[in-house]
Amino acid sequence: MQTELLQSTGASHKHLRLDPRTKLFIALITNTAAFSGNVWYLMVALAAIPLSLLFASNKIKSGVYCTLAYIIAVLLNELVMPATHGIPNLFIAMVATTLYRMMPGLIMGYYLVTTTTVSEFVASMERMHLSQKIIIPMSVMFRFFPTIGEEARAIGDAMRMRGIGLGSGRLFKKPMAMLEYRMVPLLMSTVKIGDELSAASLTRGLGGPVKRTNVCEIGFGVQDIAILIIGILIFIAFTIN
Amino acid sequence: MNNKLQTKDLISVGIFTAIYFVIFFACGMLGYIPILFILLPAYMPMITGIPFMLFLTKVKKFGMVSIMAILLGIIMFATGHTWVPIATALIFGLLADLVFKTGKYQSFKHSVLGYGIFSMWSMGAMLPLWIMRDSYLQYISNSMGDEYTNAVISITPDWAAVAIFFTAFASGIAGAFLGKAVLKKHFQRAGIA
């Protein structure tokens, strides 16, 4: 199965579906709040939103991993950090605070990109009246990430066959040459694919003068309102603290 | 010549933003090796210089570099960074675009300077380390006392935040030269650049 940053096929209707705009708004709240507050139960409440969303959209495995990682981060921050001194403390503090503050945002970002399809994303951006100058490059970009990954894997295979793999130890002897061997073919092929993609999408009417239609149904539902209220409440709690 | 952005230009922006971001992300992953994290501003702009210089050969109109910067800021935000990268990307992307414009998107000198400026956007991802410092310092001064707090302040001084920007700028200049060299060696011969 190919990994995609934004999926091209939709999730099944059985799971909790949120409007992409709700997800973006919650991401904004988590990213801003995580860097302003310092009370542990509020941080846990904040991290609980993306974690429960992960479970609700049937991403049990990643949900469990993220929960465990965050529990460790909170424990490090609340118990281990005050108990150590000197250089170890400085090191633990660096790792723990970074994890403690970055993780809610990272999990939300992960949830956003794994549960939203490209078309849904484009549809919601059109609803937000963003300029076509942003929407077109952005949808091309998301379409292109998996292609780059595919090409990079193919080039990696070809290089390994000739004994220029990353594990052969040459990475440290000749870093510049390794960079060249990897990057130049990648750029060559992706630029060519890009030209073809450009021609293909122009043929299919991208950038035409008429407003394009979109098959995705997006809109706010009860679940969106509930999540938004929870998010705003937690944000207010953060600002009061 | 038509100076408005065509759909074809917008598509190239999308493609090169994707390439730039993948390479940028790969470099960022190397930053998880502890020592390299400190060197991140020094090597990251240098490596991303190669795709960026190739991108510049396609740029002939004002706005393409700015749009790329905005997209990079948004995707950094969507993958869990703060809003700070969006702000720095907007500022440095626009500045770089203006520099490229004064060189009519042809001059090599302007490209070098412009890419140096552009490179500084990514340091917005590191800035929160300084922005969130106050609450962290307050926390440790409560639990460890002032002596220890002063030691921490002396290890991570404010000028380090300025220094990473300068490092990124210098590395961007080097990256532009590296990119140009690679362009000359490979892409011009193949007829892509």
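**Aromatic pairs, cores and helices in a predicted model**

Reader: How many aromatic pairs does the structure hold over all chains?

Author: This is a predicted model, where local features need pLDDT of at least 70, side-chain atom pairs count only at pLDDT 80 or more, and totals for chains, interfaces and linings use all residues. Residues are numbered from 1 along each chain as its sequence is written, chains are lettered from A and ligands numbered from 1 in the order in which they are written, and side-chain values use heavy atoms, without hydrogens and water. Rings of Phe, Tyr and Trp (its six-membered ring) pair if their centres lie within 6.5 Å; planes under 30 degrees apart are stacked, over 60 edge-to-face, the rest tilted. Over all chains, the number of aromatic pairs is 17.

Reader: What kind of aromatic pair do Tyr20(B) and Phe118(B) form?

Author: The ring centres of Tyr20(B) and Phe118(B) are 5.9 Å apart. Their planes stand at 80 degrees. The pair is edge-to-face.

Reader: How many residues apart in sequence are the parts that this pair ties together?

Author: Helices are DSSP runs of H or I, at least four residues, and strands are runs of E, at least two, numbered from the N terminus. Tyr20(B) lies in helix α1 (residues 7-30) of chain B, and Phe118(B) in helix α5 (residues 108-119) of chain B. The pair therefore ties together parts whose separation in sequence is 98 residues.

Reader: Is Phe118(B) buried or exposed?

Author: Buried means under 20% relative accessible area, exposed over 50%, partly exposed in between (1.4 Å probe, protein chains only). Phe118(B) has a relative accessible area of 1%, so Phe118(B) is buried.

Reader: How many residues does the largest nonpolar core have?

Author: A nonpolar core is a set of buried Ala, Val, Leu, Ile, Met, Phe, Trp, Tyr and Cys residues joined through side-chain atoms within 4.5 Å. Those with the most contacts (heavy atoms within 4.5 Å) inside the largest core include Phe52(B), Trp121(B) and Phe118(B). The largest core's residue count is 86.

Reader: How many residues are in the second, separate core?

Author: This core includes Ala33(A), Met43(A), Ala47(A) and Tyr111(A). Its residue count is 25.

Reader: How many helices does chain A have?

Author: Read along the sequence, chain A follows the pattern α-α-α-α-α-α-α-α-α. It has zero strands. The helix count is nine.

Reader: How far apart are the end C-alpha atoms of residues 218-240 of chain A?

Author: UniProt, in an unreviewed entry, lists this span of chain A under "transmembrane region"; such annotations may be inferred rather than shown by experiment, and positions use the numbering here, with feature names shortened. The span is 83% helix and 0% strand. Its end C-alpha atoms are separated by 34 Å.
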